[in-house]
Amino acid sequence: MTRVGIIMGSTSDWETMRHAAEMLDTLGVAHETRVVSAHRTPDRLYDYATSAASRGLKVIVAGAGGAAHLPGMAAAMTHLPVLGVPVESKALKGMDSLLSIAQMPGGIPVGTLAIGKAGAINAGLLAAAILATADPALEERLVVWRAAQTEGVAETPE
C-alpha cells in the first residue's frame, strides 16, 4: 500500500525531490510521485490533497521553489502531515522557498525541512519516522539505517 505521496510544483523539482523517493526506497516505504502545481494546476492539487487520506496516504512530502505555495495549500486541504521541502531557486537560492513554506499561519502546519537535497533526504527520513510510530518493522529498518550511518563516520580525517 502506498503510504507517502511526494508532490512537486514542476518536473524540474524532481532533481531535488528524487532524494526523498530514494530514501523511502532504501527504507522500503511505498510512495508515489506527482507533479502538482499550486499555481498552474490548482484543480489537480485540490483533487490530490482532498483524496490523499482516502487513498491510503499517511504523509505528504511537498517540494516547491520560488513562491512555494504547494506545501501550504496541500496542508490546508488535508489533515495528513505535510512536510515541505524548499527547492533552491535561481533568484534567491531557495531562501524565498524556505520562508514561504516556513511562515505558515497558525492552524495550518507544514513541517519545513532544509533547502534542496538535504531537505529532501530528511523529508524521506521524517516521513519514515512518522510511519514507524505505528509500524515496528519500519521502525527496525530505520534504526538499522541510522546505526549504519553512525558506523560510517570515520574517527580520523585520513
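This is a predicted model: local features need pLDDT of at least 70, side-chain atom pairs count only at pLDDT 80 or more; totals for chains, interfaces and linings use all residues.
Residues are numbered from 1 along each chain as its sequence is written, and side-chain values use heavy atoms, with hydrogens and water left out.

View 1. Helices (H or I, at least four residues) and strands (E, at least two) are DSSP runs, numbered from the N terminus. S1 covers residues 4–8, and five of its five residues are buried; buried means under 20% relative accessible area, exposed over 50%, and partly exposed in between (1.4 Å probe, protein chains only). Val 4, Ile 6 and Met 8 point one way from S1, while Gly 5 and Ile 7 point the other way. In a regular strand the side chains alternate between the two faces of the sheet. S1 runs parallel to S2 (residues 31–35), joined by five bridges; strands pair if DSSP finds at least two bridges between them. Met 8 has Val 35 as its bridge partner in S2. Five bridges also link S1 with S3 (residues 59–65) in the parallel sense, and in S3 the bridge partner of Val 4 is Val 59.

**View 2. The crossover from S1 to S2.** S1, helix H1 (residues 14–26) and S2 form a β-α-β unit that is right-handed. The term means that, with the strands pointing away from the viewer, the path from the first strand over the helix to the second runs clockwise.

**View 3. Helix H5 and what covers it.** H5 (residues 117–132) has 16 residues and spans 23 Å from its first C-alpha to its last, close to the 22 Å expected at 1.5 Å a residue. The expected span is 1.5 Å times one less than the number of residues. Buried residues of H5 include Gly 119, Ala 123, Ala 127 and Leu 131. An α-helix has 3.6 residues a turn, so residues three or four places apart point the same way. Among the elements that cover the buried residues of H5 are S1, H1, S3, S4 (82–87) and H6 (136–151).

**View 4. Two loop residues with positive phi.** Ala 68, in the loop between S3 and helix H3 (70–76), has phi near 55°, a positive value in a residue other than glycine. Lys 93 has phi near 60° and is likewise not glycine. Ala 68 is buried, with a relative accessible area of 4%, whereas Lys 93 is exposed at 54%.

**View 5. The surroundings of Ala 64.** Ala 64 is in strand S3 and counts as buried because its relative accessible area is 4%. Not counting residues up to four places away in sequence, Ala 64 touches Asp 13, Leu 70, Pro 71, Val 85, Pro 86, Val 87, Ser 97 and Ile 101; contact means heavy atoms within 4.5 Å. Ala 38 is 26 residues from Ala 64 in sequence and 9.2 Å away in space, C-alpha to C-alpha.
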